[in-house]
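Good morning, and thank you for coming.

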Amino acid sequence: MRIALQLAQEAADAGEVPVGAIVVRDGEIIGRGYNAPISGHDPSAHAEIRAMRDAAERIGNYRLVGCALYVTLEPCAMCAGAIQHARIARLVYGASDPKTGACGSVIDLMAEPRLNHHTEVTGGILAADCGGLLSAFFAARRGK
């Protein structure tokens, strides 16, 4: 999660909402990403999506079976869907997202029994650090 936090800081430094993510397989980081929808003119360029794209390209497969995704903020519905389609085995996130979180805060797509893949979810890891980075970013944008 600390590496994901470093990536989130890179996003903040680039003027993006500070969210970072890594994909890990067998103890090795195989994918990295941070938010870049503004600079990339791409609404899908969330940290999770970018990390999964990086991992998929590295291993030559869009299925990320047996992988874990670490992300500093609870994924939104778009990212939760992509996590399921990629067959990520485990999701670990930092701060909960009470506005758009789709892994328990607003809805819980990972627990939806009608879906055919279920990712194990652990939230709240380094939550204060992850949430603090987001709070500081938005406070600075508001001029506070």
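With a relative accessibility of 76%, Asp26 counts as exposed, where exposed means over 50% relative accessible area, buried under 20% and partly exposed in between, using a 1.4 Å probe and protein chains only. Asp26 sits in the loop between strand S1 (20–25) and strand S2 (28–34); strands here are DSSP runs of E of at least two residues, helices are runs of H or I of at least four, and both are numbered from the N terminus. Its phi is near 50°, a positive value in a residue other than glycine. Most residues other than glycine have a negative phi.

Before I continue, a word on the basis: this is a predicted model, in which local features need pLDDT of at least 70 and side-chain atom pairs count only at pLDDT 80 or more, while totals for chains, interfaces and linings use all residues. Residues are numbered from 1 along each chain as its sequence is written, and side-chain values use heavy atoms, with hydrogens and water left out.

Leu126 also has a positive phi, of about 50°, although it is not a glycine. Leu126 lies in the loop between S5 and helix H5 (127–141) and, at 27% relative accessibility, counts as partly exposed.

Let us turn to strand S2, which holds Gly31. Gly31 is buried, its relative accessible area being 0%. Which residues is Gly31 in contact with, leaving aside neighbours within four places in sequence? They are Ala21, Ile22, Val23, Ala51, Asp54 and Ala55, contact meaning heavy atoms within 4.5 Å.

Next, the helix pair. The axes of H3 (residues 47–59) and H4 (residues 77–86) come within 9 Å and cross at roughly 25°; axes are lines fitted to C-alpha atoms over the stretch in contact, and angles run from 0 to 180 degrees between N-to-C directions. H3 is therefore roughly parallel to H4, the class for angles under 35 degrees. On the H3 side, Glu48, Ile49 and Met52 meet Met78, Cys79, Ala82, Ile83 and Ala86 of H4.

Finally, Thr119 is in the loop between strand S4 (90–95) and strand S5 (120–122). Thr119 counts as buried at 6% relative accessibility. Beyond its neighbours within four places in sequence, Thr119 has contacts that include Ile83, Ile88 and Met110.

Technical notes. Parallel < 35°, antiparallel > 145°, perpendicular 65-115°, else oblique.
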